[in-house]
Amino acid sequence: MHSGAQKDRGSIAGDASDRRVLRRRLGDMLLARIRYLLSYLAALLASLVVACGGAGEGAWQDRSTSEVPPWPERPNILWLVAEDLSPVIPPFGDDTVETPTLSRLAEEGVRYTNVFSPSGVCAPSRAALATGLYPVQLNAQHMRTGPWASPRHPEDAGPSRIPELPYYEAVPPPDVRMHGEILRRAGYYTSNNAKDDYQFRKPVTAWDASSQEAHWRGRAPGQPFFSIFNLGLTHESQIWARAEQPLLLDEDADVPIPPYLPRTEVAVRDVRRMYSNVVEMDRRAGEILSQLEEDGLLEETIVVWYTDHGGPLPRQKRLLYDSGLRSPMIVRYPGRWRAGETDDQLISFVDFKPTLLSMAGLEPPRYVAGRAFVGPGETTPKRRFIHAAADRFDEAYDGSRAVRDGRFKYIRHLDTERPYYLPLAYREQMPIMQELLRLRDAGELDAVQAQWFREQRPAEELFDTDADPHEVDNLAGDPTYAETLAELRAECDRWMTEMGDPGSSGLEAELELVESIWPGLEQPRTASPTVTWSGQELRLDSSTPGASIGYQVLEQGSEPGPTWQVYDGSERVEGYEVVAVAHRLGYLPSETTTRRLGSEESE
């Protein structure tokens, strides 16, 4: 894989002009490292002063528990992202199956117990991870806007699930850049293996490599990396797709069943399959970490394992209960900093991007909605609330908003005439979902299990997640909790106003949204870049605000390769010709501009 990745870069990575680009960016990295080191030393000095307190004994702290993380000034960062999984693993108290990889990570790292997605489904959640903004700020709140998780274009993807609704791309504000691109500009090698589910097409500037083969091993020697590996083994679909495969736990294993699901043979079989998929996911995570250790990079890398939202089972995925939003997360820091600790601060997915940049010693963009929860850029105070929304899921509309503090969850339903249960063809492929519907129709569900099938919703719900972790006892009408209800209601109002959330959900509202970002329902196209230079100094520009520009410098007779350099100001280049493409998120990419070095006109 290593040699193949290098070969794919072809003349681009190997020619003289590209080496100059790399040298310039390495120079930028060195300056950034110096700035990081100065801030690190200042923080270290401050921590030592506090630790010493003027006394001699006990002046030095153990690195594993120091308030100053002992990672390198430009650490590698590895994200291992499992899909559709609640905290059903031993490090979070569920010992149904063994997960040696994740248990080791937890022993050597920090367990974060209050991490929440802003949506109970993947594409809006991943939009937040990539941008640091809430899905509603990106016009990305509906699942899905189009087939952007695959290389297919709309014309190849078949009709939309709702005939009246065209495929479209979310259009973020013009200054928004994906996390991978920002780190590339800072000299990082970035790779994504391999899910591209952001509600918009990724630009060529987003990643050095994004494919099933993408790996940190494609980087230049000594270059820091940010690599994502998506672990789809626990995805909802794998409940039925793997139904005939051998279980990786005892066939008669006793598995916990939440009270909102039935304990029938069909249901237990699917829950066992879920836990079996957890075992398989843990093995795959172990393989990736073994590669990291083989490369001698473990102590130079921050390893982050988390899930893209809550669990895969009915009444979990897509819903605003903790079963749909809560994501277990483990972070292993170099030097085993804070090894074995539990951190219960509230964390939202919009905090991931500023934290990622903080870990790399970079200042996050001003537009991000979240805060850095660790690293030199850690911001205070810690958050008091997390926020989430549920809008369209495939062919059905929900229309709910949620606010949660450290204990209480508030849910607001925008349409009280809408049933709780949304019939989704995709979800109804799952045997346990079919079993629920069979029992509903036969009148055999108990009171808790039947809640999900109520024909109407209250305007508000309030749950005490400490006393009622499955959120089945609505306290909104209990005067004992009137003050808590009022506080969370006001916070929901504040957040919706700040987000510009229209407070409506349905086909008409979504069509209005599409019209507002694609006037006439026609997708805007990014303006092609102009190419100019003086001597060997290359200048690229696009008249579209917010466009990123990728370019390649080719030798005569060579073709563009898969990796595009990120244009970041003037570049000094040598070669036969330049090819460039501009792309604003949510717009169509520009036509490619080609210009021979030394010629007068772009083609």
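Q: Which residues of α8 meet which residues of α11 in this predicted model?
A: In this predicted model, Val266, Ala267, Asp270 and Val271 of α8 meet Pro431, Ile432 and Glu435 of α11.

Q: Why is α8 called roughly antiparallel to α11?
A: The axes of α8 and helix α11 (residues 431-441) come within 8 Å and cross at roughly 155°. Angles over 145 degrees count as roughly antiparallel, and therefore α8 is described as roughly antiparallel to α11.

Q: What is the handedness of the crossing in which α8 passes α11?
A: The crossing in which α8 passes α11 is left-handed.

Q: How do you know that the span of helix α8 agrees with its number of residues?
A: Helix α8 (residues 265-294) has 30 residues, and at 1.5 Å a residue these should span 44 Å. After the helix comes Gly296, which has a positive phi near 70°.

Q: What makes α4 oblique to α8?
A: Helix α4 (residues 100-108) packs against α8 at an angle of about 55°, with the two axes 7 Å apart. Angles under 35 degrees count as roughly parallel, those of 65 to 115 as roughly perpendicular and those over 145 as roughly antiparallel, with the rest called oblique; the angle therefore makes α4 oblique to α8.

Q: Which residues make the contact between α4 and α8?
A: From α4 the contact takes Pro100, Thr101, Leu102, Arg104 and Leu105, while α8 contributes Met281, Asp282, Ala285, Gly286, Leu289 and Glu293. The residues of this contact divide into six nonpolar, two polar and three charged.

Q: Why do β14 and β18 stand at the edges of their sheet?
A: The open sheet to which they belong has three strands in the order β14-β15-β18, with antiparallel pairing. Because β14 (530-534) and β18 (571-572) each have a single partner strand, one side of each is left without a neighbour in the sheet. Strand β15 (residues 537-541) pairs with β14 in the antiparallel sense over five bridges, and Val531 stands opposite Leu540 in β15.

Q: What makes β17 and β20 the edge strands of the sheet?
A: Four strands, in the order β17-β16-β19-β20, form an open sheet with antiparallel pairing. Within this sheet, β17 (565-566) and β20 (593-596) each pair on one side only, and this makes them the edge strands.

Q: How do you know that β19 and β20 pair?
A: Two strands pair if at least two bridges are found between them, and strand β19 (residues 577-583) and β20 are joined in the antiparallel sense over four bridges. One of the residues concerned is Ala580, whose bridge partner in β20 is Thr593.

Q: Which peptide bond has omega near -10°, and what is it called?
A: The peptide bond from Met143 to Arg144 has omega near -10° and is cis. Arg144 lies in the loop between α5 (122-131) and α6 (179-185).

Q: What is the omega of the cis peptide bond that joins Thr380 and Pro381?
A: For the cis bond joining Thr380 and Pro381, omega is about -5°; Pro381 belongs to the loop between α10 (352-359) and β10 (386-393).

Q: What is the phi of Arg318?
A: Arg318 is not a glycine, yet its phi is positive, at about 85°. Arg318 is placed in the loop between β6 (301-307) and α9 (322-325).

Key. Residues numbered from 1 in each chain as written. Predicted model: local features only at pLDDT ≥ 70, side-chain atom pairs only at ≥ 80, totals over all residues. Heavy atoms only, no water. Helix = DSSP H or I, 4+ residues; strand = E, 2+ residues; numbered from the N terminus. Expected span 1.5 Å × (residues − 1). Axes fitted to C-alpha atoms, helices over the stretch in contact; angles between N-to-C directions. Left-handed = near helix turned anticlockwise from the far one by under 90°. Contact = heavy atoms within 4.5 Å. Nonpolar A, V, L, I, M, F, W, Y, C, P; charged D, E, K, R; others polar.
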